[in-house]
Amino acid sequence: MKKKPGHNKKDLTVITTHINADFDALASMLAAQKLYPDALVVFPGSQEKNLRNFFIKSMVYLFNMADIKDVDMSNIKRLVLVDTKQPSRIGKFAAILDRPDIDIHIYDHHPPMSNDIKGDYEVHCLTGATVSILTEIIKDKGIDISPDEATIMCLGIYEDTGSFTFPSTTEKDFTAAAFLLSKGANLNMVSNLISREISPEQVGILNDMIQAATRYNINGVEIVITTVSTDNYVSDFAFLVQKMVKMENLDAIFAIARMGDKMYIVARSRIPEVDVGAIVTPLGGGGHTFAAAASIKDKTLAQIEQKLTEILYSKIMSRNRAKDLMSSPVIKIGDDVSCKEAGNLLTRYNINALIVTQKHDGTEDLIGFITRQIIEKALHHGLDNITVKEYMTTELASVAPDSELVEIQEKIIENKQRILPVIDNGVITGVITRTDLLNVLVNQSKHGSSTSPDLPNKPGQARTRNILKFMKERLSLRIFEILQVIGEKADELGYGAYVVGGFVRDLFLYRTNEDLDIVIEGNGITFAKKYAKMVGARIHSYEKFGTAVIIFQDGFKIDVASARMEYYKFPAALPTVEMGSIKLDLFRRDFTINTLAIQLNPNRFGLLIDFFSAQKDIKEKSIRVLHNLSFVEDPTRVFRAIRFEQRFGFSIGKLTSGLIDNAVKMDFFKRLSGRRVFAELRQILEEENPLAAIKRLNEYDLLMVIHPSITLNNMLISLFKSVKKVLSWHDLLFLGEPYMKWAVYFLALTRHCDKETADEISMRIELSPRHKTIFCKERFEADRSILWMERDLPVKNSTIYKRLAVFRIELILYMMAATKHETVKRSISNYFTRQRHIDTSVKGKDLKKMGIEPGPIYREILQAVLDAKLNGQLKTRNDELDFVKEYVR
């Protein structure tokens, strides 16, 4: 590049930034040039090759740019620093900082540090990008910018905020971007530069980083440290680190790279416990809470990694505080409760200790706790009706919500205390059990270990990550906005709001599902009433279960439930419901893959919550229950396990499969009501390919739950395949006529049954009278019609019409599937697609005009006309009128 005039003139103003300038640094230099129009723009180092080439080749005219080698440092009177305040990051310019005659102006968005450069004029704000600060100043001063300048400045904002997805993004970044768009910023160019492809060399480096990753559990926080070595400088190393964060779903990463004779650290964090800016500062770097970097000389990879590890242990905030480990709400009893009732509560909630409280002047005071061991001994000695206060432990320690793991460990172990209350301003907010403590200690000593290959851990710490961008990509605008409004309304009421279950599961399986299940931490019915009133919808509520259905004017429905915990009084019973938290609500669900929740409250909107490794099971395509008694409490879950397995192409986990075998062996299904069995069977028969699920039911000996006579044989398999073909044929006709898909398959499933067996099955599964008529009466008439057609065809169309017109769509489709004669299939098909829609144009009023006296003769004449038309004898209305005249004569 040619040297520009004025580089060596006196009283120079120079704009510069940090070494290894990114798009935000470059955009900030351009923006600063608008504020200092006579200034020179100078890079501090030589590692900006790729970025500088982009500007030099396509946008050089925008910059009054100079090479640092051509600048006489003694002529600089004003130094403008953008996107940095660190002397170690501005190269040769650091040498002039101590000159008393130099005027230093600083524009930066990084958090303040002790070794920051002190400026004569400073503008500092914690935004996502420095250029956002400068854009606001340009806007306030009314300085005009061109579309090309707006594009480059916008590029800086998009890169440093991760397209507005990084936690460091602020309102000012959005406002600045909106202003730049109004000035003609080209988002296509921004998108092309942000979403750059990875080169083969970068793919290799990324793979090396993933292979070299080491995971540490520090104060309950998972940290990844990875290292990589290369002889050459790797451009866009920070981009590769960010790529790894997304690919591996990491909370925090420190990537150490040796490039030639220099060391670099790039750090990223998505959680508040890890402030990467504060962590890399002692290593000579700097940055934000969520993104930071350092450049280091004269150190080896091993030395840097060791030093980094020491800093991590001293800097990372603990996740193992009492409020993070505790279970809530607290299950507690009054001191006047009997030992027998306390024992029932311990069994109901599957816990080993209960907090005991006493009401005094409108408050509830903690007075002790009682364990399962004590209760069982009391009951053994016949002390059922004695109150718990007689035998409870009254000497107990407690902790505050912010208490650290060391204090928790000391009080539980030293006091031999099974349960530790967490007290906040005199209120019991939660409890920590010995099991909770043990789980934390085991995870710290052996990170990643699991007590079982199939069962998830009990409710504990959740894996969380923000999936707001993913939601915007996957959801329709209407659903997205509905979820936002639900969160806002719940927030107004002081409730927590979550969308849960199949909707969230299918989001990650890339399956369309707009069945919204909302869980409210609070009174779900109260929320539903308020929300429905606001959006002009109506509701149906069910006080017993704390649930409601919100119905919009167009028929769209939302299911709302209060966060609750269920317990079962005996195997196969319907659940008894009590209020609870989202954690307990998710724990009551059938399978891990259905336990994902997304928080909807505005301050945490889009936060994915995973207590039970649901994401892992979805990735591994496994169906797993949450606890060993799952099928004892609700045997219908077996049917759902098989349905989900076949629908998603998953596999039932080994332990879960064994629990199904146990449920069958123990015959828990005999207590199920027929209606519940039918409800599950009906859903299986509504699946895309029910045969696969029927085969699995047969493998587990579950067809006998419907009726002992139902067995899977080659004839039934063939019939199910035939039904699938017929239904596919029907659906491709696009007739728009509703029909019961499950009913056609159920007709096939029970085809072998005689009248007596069909009646038994209909009674067992509690069929409605309408459905009983189809399966116990009309099916036999359909079978007789099949036999007649197989025997007597060909016959006139009118004869077939009369035979088939009495049957509903489901029976017609069943008949097509059941017959093995192609001529019969064609005849039924011809009736279904053509004949059944034929009608006469001559009506009763025409007969009256012809002088025919009204009476039974009308029906006879019109039927004769229809028969003739079906048989191809009549084409036009005149043909029909002539036929009537002849028929009457």
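G260 is placed in the loop between strand 9 (252–259) and strand 10 (262–269), where helices (H or I, at least four residues) and strands (E, at least two) are DSSP runs numbered from the N terminus. The model is a predicted one, in which local features need pLDDT of at least 70 and side-chain atom pairs count only at pLDDT 80 or more, whereas totals for chains, interfaces and linings use all residues. Residues are numbered from 1 along each chain as its sequence is written, and side-chain values use heavy atoms, with hydrogens and water left out. G260 counts as partly exposed at 26% relative accessibility, the classes being buried under 20% relative accessible area, exposed over 50% and partly exposed in between (1.4 Å probe, protein chains only). When residues up to four places away in sequence are not counted, G260 touches T230, D231 and N232, contact meaning heavy atoms within 4.5 Å.

The structure holds 41 salt bridges, each defined as a side-chain nitrogen of Lys or Arg within 4 Å of a carboxyl oxygen of Asp or Glu. One of them joins K34 to E149, with the closest N and O atoms 3.3 Å apart; because K34 lies in helix 1 (residues 23–35) and E149 in helix 4 (residues 147–160), this pair ties together parts that are 115 residues apart in sequence. E149 counts as buried, at 9% relative accessibility.

A salt bridge is also formed by R675 and E766, for which the closest N and O atoms are 3.6 Å apart. R675 lies in helix 25 (residues 674–685) and E766 in the loop between helix 30 (755–764) and helix 31 (769–792), so that parts 91 residues apart in sequence are tied together. At 55% relative accessibility R675 counts as exposed, while E766, at 33%, counts as partly exposed. The side chains of R791 and D792 likewise meet in a salt bridge (3.0 Å, N to O); R791 counts as exposed at 58% relative accessibility, and D792 is partly exposed with a relative accessible area of 30%.

On the surface, K243, K246, R270 and K469 gather in a patch of positive charge, a patch being made of residues with over 30% relative accessible area and no salt bridge, with like charges joined within 9 Å. K469 is found in helix 16 (residues 468–474) and counts as partly exposed, at 41% relative accessibility.

Key:
Patches are made of residues with over 30% relative accessible area and no salt bridge: like charges are joined within 9 Å, nonpolar side chains (Val, Leu, Ile, Met, Phe, Trp, Tyr) within 5 Å. Accessible areas come from the Shrake-Rupley method with a 1.4 Å probe; for residues, only the protein chains shown count as cover. Lys and Arg count as positive and Asp and Glu as negative; His and the chain ends are not counted. The place of a charge is taken as NZ of Lys, CZ of Arg, CG of Asp or CD of Glu.
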